[in-house]
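Have a look at it first.

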Amino acid sequence: MITDANLATIFVGLLGFSVLAYAILDGFDLGVGMLLPMDNQGQRDEMIASIGPFWDANETWLVLAIGILLIAFPKAHSLVLQTLYLPSTFMLIGLILRGVAFDFRAKVAQGRKTMWDYAFKTGSFLASFMQGYMLGIYVMGLETHFYAQCFAILSGIGVTCAYTFIGACWLLMKTSAELQLKAKAWASFYLIAFAVGIAAVSIVNLAIHQRVLEFWTKTPYSFVLAIIPITVFALVVICKLVLPKLLQTHTDGIWLPFVIAVALFWLCFGGLAVSYYPFVIPDKLTIWETASAPESLRFILMGALIVIPCIFAYTLFSYRIFWGKATKLEYY
Amino acid sequence: MTDVLMLSRAQFGLNISFHILFPTITIALGWFLFYFKLRANLSKHPVWMRVYRFWVRIFALTFALGIVSGITMSFQFGSNWPGFMEKVGNIAGPLLGYEVLTAFFLEATFLGIMLFGIHRVPNWLHTLATLVVAIGTTLSAFWILALNSWMHTPQGFEMIDGVAHAVDWNAIIFNPSFPYRLIHVLLASGLTASFLIAGISAYRIKHDDQKKAPSIALRASLYVAAVLIPLQILAGDMHGLNTLEHQPQKVAAMEGVWETKQGAPLLLFAIPDENERENKFEIGIPKGASFILTHEWDGEIKGLNEFIGEHPPVAAVFFSFRLMLGIGVMMLITAWLASSYLLRKKHLPPRVINLCIWMTFSGWMATLAGWYVTEVGRQPYLVSGVLTTEEAVTQIPSGNVALSLALYTLLYSGLLIAYIRTLFLMARRAVEIEEYQADEHPKHKKKLNLDTATGGAA
């Protein structure tokens, strides 16, 4: 039988997984949104077509993540969202603009299409930056003093670059011809920006949190933990070396940068997660202090264990249906 | 404190009012699409695919607006109403969780297949995806209404240290007002979608669209409306009786009964005055309210005097209720009048066409009015008898809420205007496309150049 203490751990695991799934899945489509070239409508159409069938479901992971925070750790949910009230409002407005622009751009009069594309791009940027900003404030233990703000802005830029990078890798797989070459150039540029962002956020994080620094350097796990930064470094180098060789004579291996991007997301997220477990708000509240009543968690866990595998199955099914190069989207 | 309370209420009211407009269309429009697709499969007649194609685009647009406006709600529970989750989170959390898990992923994923997958999957699978989307939207209504109904008629829990703990999930989900509310809302969705389809189709016909598609969509939607409206009146009546049993103060406000009375009149018009605690300019049918609510001419109706300090603001509930009833009567007249023409003749006369166009968004207005009756009618409580709205509100600076409220107001007004304009633009564009050809059914795999005429991709 699952004990009450284990329940909190299971739910923080589910929460972490949803956040990560969201960052990867909506990350690439927000990245594609930010990369929209405003001088080339044909390419914008192609890029948006590559994410059309997925974005709804991708965004649902955010609803699930916020939902789990709400269900399992209600005190943390209200503390986080009250502190981050304005940034989360801006993020939501960004997501709203981006989401509706998808449909409006295809249905309004020709002259207004560009306007909705601007809304698409701005919304994607606003949502991405605000997510990074919120992550920064969160990592600072929900402090909002000057240095925390600076760190949050740094983290906002970092997340924006991360999403742009994974978006470029997605386009490299899903597009062809001129746009694919463009995607390759974007990927090499944003890979470096992403790598700088990871380094900056990691160093600042270690510098300000004594506990985290000790955890990474002075515990028996340090050797094991060292695998994370080393792997990140290795993957960045491999990706940087591989990218120029792609598309020279053939199209082999164009999936590799996307896979590396996903791996980098896992590692960065893993690094943050091990630094702060078992805190649900860094250095302030542990998961056990905020967990909901066990009978409620059991009730929802029962359903989650049945439903989540189904969600995996039909999500994979949907990606398989739309496998291959993006073609012009059309109903019917 | 009062500031942040009023601003938070205004913001949540705005958000949920804007949000409900879209699901209330998609819940039933999903089933309409499934019906159109079935007819297309069975008859192999291209006109049904034309109807499907036109409405699936509107479905996609509506669905997108519903999704993005819904996400904001899950944030506001924590940011603006922390007391709600702290006190009843053990109940509300799992119900919301089941909505996300069983409904949101299902509808969002299969929507992708339904919208863009028709050339990539077999036809039966596409039809199945359409069905799954309709089931998903209905399931999400199931869970959210279970939670909403529980907030009206809570049961199946115990309070331990001021926090609600679940005792019996069956009792929580199937709480006394849930079946009535669910049916009332689903029928409202059916009517909203029917009148939308009828209105837009009538608009196309008025703009000289001679094709067959708008005519059969008009016919199908008006017949559905004609069947649903009497059912809705019956369901509404039963829901009202259920409310009388569990929330008599809400019924007293709906009927404007200030003092407990035998043989209370059915007020057609009045201006409730909260200060004087009486109605001005009453016009009513003697003993009408008593008869409807108790089925006896001299039945006793509990007045607001028995709930002083515990009853909702009367005027808002009283007028919203009359607005909802008024629109309901208009719906009945329109649907039956138009259907009787359609049963006898092939076409509607221009005046009835105009009436249908005027009624395009009648479902929205009735739905909003109905929601105001029930939600304002629960005040001053957020969860009846358990938690007041004031206890639940946030402590954040009111300036922040004022800013977010202003931004949402601006954004939602813009989006609503864009949505309505786009609907009519799509209708006008559809007028210009050519009539279907015999080999147009997807089974023929031949792609006709229809996209350019109705607006292109996505």
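Is A:Cys161 buried or exposed? A:Cys161 is buried, at a relative accessible area of 13%; buried means under 20% relative accessible area, exposed over 50%, and partly exposed in between (1.4 Å probe, protein chains only).

## About the model

This is a predicted model, in which local features need pLDDT of at least 70 and side-chain atom pairs count only at pLDDT 80 or more, while totals for chains, interfaces and linings use all residues. Residues are numbered from 1 along each chain as its sequence is written, chains are lettered from A and ligands numbered from 1 in the order in which they are written, and side-chain values use heavy atoms, with hydrogens and water left out.

## Where the chains meet

Chain B brings 80 residues to the contact and chain A brings 68 residues, contact meaning heavy atoms within 4.5 Å. About 6,800 Å² is buried between the two chains, with 73% of that area from carbon and sulfur atoms; buried area is the accessible area (1.4 Å probe) that two parts lose on being put together, summed over both.

Zero salt bridges link chain B and chain A. On the side of chain B that touches chain A, helix 4 of chain B gives the largest share, 23 residues. Helices here are DSSP runs (H or I, at least four residues), numbered from the N terminus.

## Cysteines

There are zero disulfides over all chains, a disulfide being a pair of cysteine sulfur atoms within 2.5 Å. For A:Cys161, the nearest cysteine sulfur is that of A:Cys268, 12 Å away. A:Cys268 itself is partly exposed, at 26% relative accessibility.

## Salt bridges

Over all chains, 14 salt bridges are counted, each a side-chain nitrogen of Lys or Arg within 4 Å of a carboxyl oxygen of Asp or Glu. In one of them, A:Lys107 meets A:Asp103 at 2.8 Å, N to O. These two residues are four apart in helix 5 (residues 85-107) of chain A, so about one helical turn separates them. Both A:Lys107 and A:Asp103 are buried.

In chain B, B:Lys280 pairs with B:Asp273, their closest N and O atoms being 2.9 Å apart. B:Lys280 is partly exposed at 29% relative accessibility, whereas B:Asp273 is buried at 18%. Shared partners also join A:Arg44, A:Asp45, A:Arg105, A:Lys113 and A:Asp117 into one salt-bridge network.
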